[in-house]
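Colleague: Please take a close look at one part of this model for me. Start with the confidence, then go to the part itself.

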Amino acid sequence: MNFFMSALKRDLLLVFRHRNDIINPLAFFLMVAVLFPLGVSPDPTFLSEVAPGVIWVAALLACLLSVDGIFRTDYEDGSLEQMLVSSESLYLVVLAKVLTHWLVSGFCLAIISPLVAMMFFLPEQGYFSLVVSLLLGTPTLSLMGAIGAALTVALRKGGVLISLLVLPLYIPVLIFGAGTVQAGAMGLGIQGYLALLAAILVLSLMLAPFAISAALKISVRS
Amino acid sequence: MKIKMPRWFYQLASPRWFYEITGKLLPWFTVAAVLLLVTGTVWGLVFAPADYQQGNSFRIIYIHVPSSILAQSYYMMMAIAGAVGLIWKMKIAHVVAGACAPIGASIAVMSLATGAIWGKPTWGAWWVWDARLTAMLVLLFLYIGVIALNSAFENKASSDKATAILSLVGLVNIPIIKYSVEWWNTLHQPATFTLTEKPAMPPEMWIPLLIMVLGFYCFFAVILMSRARIEVLEREKRSEWVTKVVQEYGK
Amino acid sequence: MTLEVKNLFCERDERVLFSSFALKIDTAEVVQIIGQNGSGKTTLLRILCGLSDAYTGDLLWKGQALEEVRDDYYQSMLYVGHLAGVKASLTPEENLQWMSQLDKSLNKCTIMQALKQVGLYGFEDVPCHSLSAGQQRRVGLARLYLSNAPLWILDEPFTALDKKGVSEKEALIAAHVHAGGSVILTTHHDLSIPNKTIRPVNLDEVAIR
């Protein structure tokens, strides 16, 4: 636990030293969302209808964009090698990194999502379901994305490749996440949806760190 | 995590043994594939009765259904072969997994194409967001991811292991994806009639279908073995037995 | 405390680097790996650290398969590679704090003492990206002052160091060996340690080309 805390402290400190990295996914999120009214129609009924899907797709892309760099600097400066030759558990290091990524991407996105929801005329009763679904769904996105990042960290052309690997895996979270918001906006119960999102989160929390650690070992040892 | 396995299992790990045994199996599978496919096609296209609702257009199931089944089996086979390769450090398993990916992707394309062709007379559109078709499209995306990762590494050993991990992650996700897509489909398009879920197909329709499925398995087993054999020769090109094989082929 | 490799076979890009290669490192020994560029020096050190899978053969730590005693091995081994694992946006002090969390055997002295030894006293709270290449290298090497690990594996430890830095590191290695520790290193520098013979292993001779 102690070791996990110091790993987390280090990652948060690194984020704090590069404060721009916190702003970038948020700005990206806003810009992608704005493209839809500009590209299709600013009509309020249309926007409120597509809001759940559009906001979720924008959040998903923002997570994907930022997850590529999660292990990159550690790989490039040799920190990752040191983590592998340590007797401390790589599992905890990985968990700390994913948690940090979620805090600067998914968590912040969930906090500012009502702003976008307002611009999309989402019915007010849907705000709560939007924030909660993002809070429950985006950690899974970070975990799955980290698998892709770990597999591609040693490759020069990481960017596009990671999207190919990870986007299909994001589909269930997108479906249930957007479904939650739709149900919430219509004033229907959302417990069932949240339970599904939580189940996927628990499953990926159990399995993904092993896949990430194994992938990191392969990348470093290649 | 090492589990003791019977001797034949480790023998299979030897590239040479694999090459020899698949060489003996290939003719049998080829003959079986030709017989089954010819019987199934003729039976299905000529002798099976026309569907009372869809007429003759339903006959495309004799290609669509087997390819849908195979696309999924191949993904499973690829992931399991990858896992075997990771756990027992067996190169042959990685060779098989690597051969599965492009074959599986092409079968998935075939399934989607036949689905679209069938969709035109049935729904009046080439593409409908039907749950099964959408799930097959996502499966194709998973295949594309595996192929892209496999070709991105310069080092064979790391690309083998990396794709094995990715296909295992995909395997865990496939049931979740299928469930989520089905659930999404019922939410947005209630009660459209699904292509393959026909109540009680008469035996003269499903027996040729079964033959076609078996024929597809044999046919793609032949393709898989041939691909894997070439890959084995390529990887083992500096060993003596490969030189001998190539020399004999030259004669 | 012995590290042993037996029957090592390794090839890279279809070129055989080692074949039936064997090496044994005993207590209080300095082994210098020499060879041309591309002869596999770094590859060998990475194999010894468990940072490469591209080989076949046996790795033994204290007579047991390394795979099975990995934790014990990593607690007794210090590895400094080409890349020192120094984060540019952290200060030397923060870097060393993290390294000593990762490697519990870095407890011989305090971090400030180690920084003083490598001549970075006064730079402890400057982010590493504003230090020179040599100074950044010293941050990584400050681990050597902190380390209680009996086995050191060092890949080109003297790169980017000035003359004074090199002789300090030589003295440090000498003290480590006299205290019963062992070192495996690669360097193009003519290493000299008083009262100790350095065992050279020439990779140009072992390789089959």
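What pLDDT does chain A average, and what share of the residues score at least 70? Then walk me through the side of chain A that touches chain C.

Modeller: Chain A averages a pLDDT of 93, and 100% of the residues score at least 70. pLDDT is the predictor's confidence in each residue, from 0 to 100. This is a predicted model: local features need pLDDT of at least 70, side-chain atom pairs count only at pLDDT 80 or more, and totals for chains, interfaces and linings use all residues. Residues are numbered from 1 along each chain as its sequence is written, while chains are lettered from A and ligands numbered from 1 in the order in which they are written.

Helices (H or I, at least four residues) and strands (E, at least two) are DSSP runs, numbered from the N terminus.

Now the interface. In chain A, 20 residues are in contact with 25 residues of chain C. Contact means that the C-beta atoms of two residues, placed from the backbone, lie within 7 Å. Three helices of chain A each supply at least two residues of this side: α1 (2–17), α5 (79–84) and α9 (191–221). α1(A) gives the most, with six residues. By class, the side of chain A that touches chain C has seven nonpolar, seven polar and six charged residues. Ala, Val, Leu, Ile, Met, Phe, Trp, Tyr, Cys and Pro count as nonpolar, Asp, Glu, Lys and Arg as charged, and the others, Gly among them, as polar.
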